[in-house]
Amino acid sequence: MKFTKNPFSKTIPDESFELSMRRYEAFFNGEVYDRPPVSVTFWKGNKDAVKPEDKTYASHRERWLDVEHRAKQADYHFACAEFYADAMPAYFPNLGPEIFSAICGCKYHFMPETTWTEPNIINWEKDIDKAVVNRSSEYFIALDKFIRELLKYSKDKFAVGFTDLHAGGDHLAALRDPEILCLDLYDNPEFVKSKIKSSYEEYFKLYEYFYNLTTLEGEPTTSWIGLVVNGRYNVVQNDFSCMISKKMFDEFFLEGLITECEKLDRSIYHLDGPDAVKHLDSLLEIKKLNAVQWVCGAGNEGFMRWLDVYKRIQKAKKGVHLHINLNELDDVFANLKPDGIWFSHIDGIRDRETAAKVIERIKNWK
């Protein structure tokens, strides 16, 4: 996925960008170029950058939806950050993890760090047509405005991505309520399958709208996992899957995930929590899926604890998203190959000297 030019010419030197893109291309193919990509970001400050004024808000909702101010904050952040090694300046316009469902009519509630929805399909027969994309929704309008505001600042500096659009099982769980959706898989399977199909059709149209908006001038694509792609890219996920069996996952949701990957040039699956690991084999059989981000969840940390998960991903020749501690680096070297590895974050790197030494160690990993 070669870029015709460096889209971050004000942030990253051309030579560094070209080399990093070769490393990421190898990552997406489960391979390695000269070494695995490593993302390290430092706050360097910038005396010439104008920091947006601090603001107070009457509600969390008001703060979340002040997209003009948030776009200014993003621009200031990128002006003051140093993208070291293979880190890429990527920003996703976060309006909460269930924004797609809010655009489809769910009541939306804003909290300090996240959002939540109220279901709007109470009765399948009466309500199924209520839960559809509405481009007159205040949330669609806010998201569209947020992206357009960001694009005013991003040229040659940073990539503007999609928001956290959850399709498939996560969307239906928001429309219906997760526990009730579990029962629906037994009691109302045809309604579930019909709604999955129609909601994916809506989702793909929404994706194309925002893809065209963000790439209008040949700009790169990104998402909430800050990989940068020249083409269609997104994070594929189904957090609801932790509540159901492999049989139910394969029957109801796997086909949609396969189709989602097929429509993308590059994809990474967000595998969330120990109860979702039972679906890993099904996911690894998706030919167009490029990589997997394994998130063990709070209290379950430790690279060695989940070594089998990483080995299975690597054996399937998918990219492996790694977020580790610096003291776990030797365990990574001893138990995995460099093929398809991306060090998305290494806790414990606090200065450039340490970063340079770590990268030299990774470069010598064979």
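Let me start at the N-terminal end of helix 15, which D351 caps, with a side-chain oxygen 3.2 Å from the backbone nitrogen of E353; this is a polar contact, meaning a pair of N or O atoms within 3.5 Å where, within protein, one must be able to donate a hydrogen and the other to accept it, and where residues adjacent in sequence count only if both atoms are side-chain atoms. Please keep in mind that this is a predicted model, in which local features need pLDDT of at least 70 and side-chain atom pairs count only at pLDDT 80 or more, while totals for chains, interfaces and linings use all residues. Residues are numbered from 1 along each chain as its sequence is written, and side-chain values use heavy atoms, with hydrogens and water left out.

Helices (H or I, at least four residues) and strands (E, at least two) are DSSP runs, numbered from the N terminus. Which residues of helix 15 are buried? They are A355, V358, I359 and I362, where buried means under 20% relative accessible area, exposed over 50%, and partly exposed in between, with a 1.4 Å probe and protein chains only. These residues cover an arc of only 100° around the axis, which puts them on the same side of helix 15; the arc is that of the directions from the helix axis to the C-beta atoms. On the other side of helix 15, E353 and K357 are exposed. Among the elements that cover the buried residues of helix 15 are strand 1 and helix 14, contact being heavy atoms within 4.5 Å.

Turning to the strands, strand 4 and strand 5 pair in the antiparallel sense over 4 bridges, and DSSP must find at least two bridges for two strands to count as paired. A hairpin of 4 residues joins strand 4 to strand 5, and K107 stands opposite E118 in strand 5.

Finally, the salt bridges, each a side-chain nitrogen of Lys or Arg within 4 Å of a carboxyl oxygen of Asp or Glu, come to a count of 26. One of them joins E68 and K145, whose closest N and O atoms are 2.6 Å apart; this pair links distant parts of the chain, with E68 in helix 3 and K145 in helix 6, 77 residues apart. E68 is partly exposed, at a relative accessible area of 28%, and K145 is partly exposed too, at 37%.
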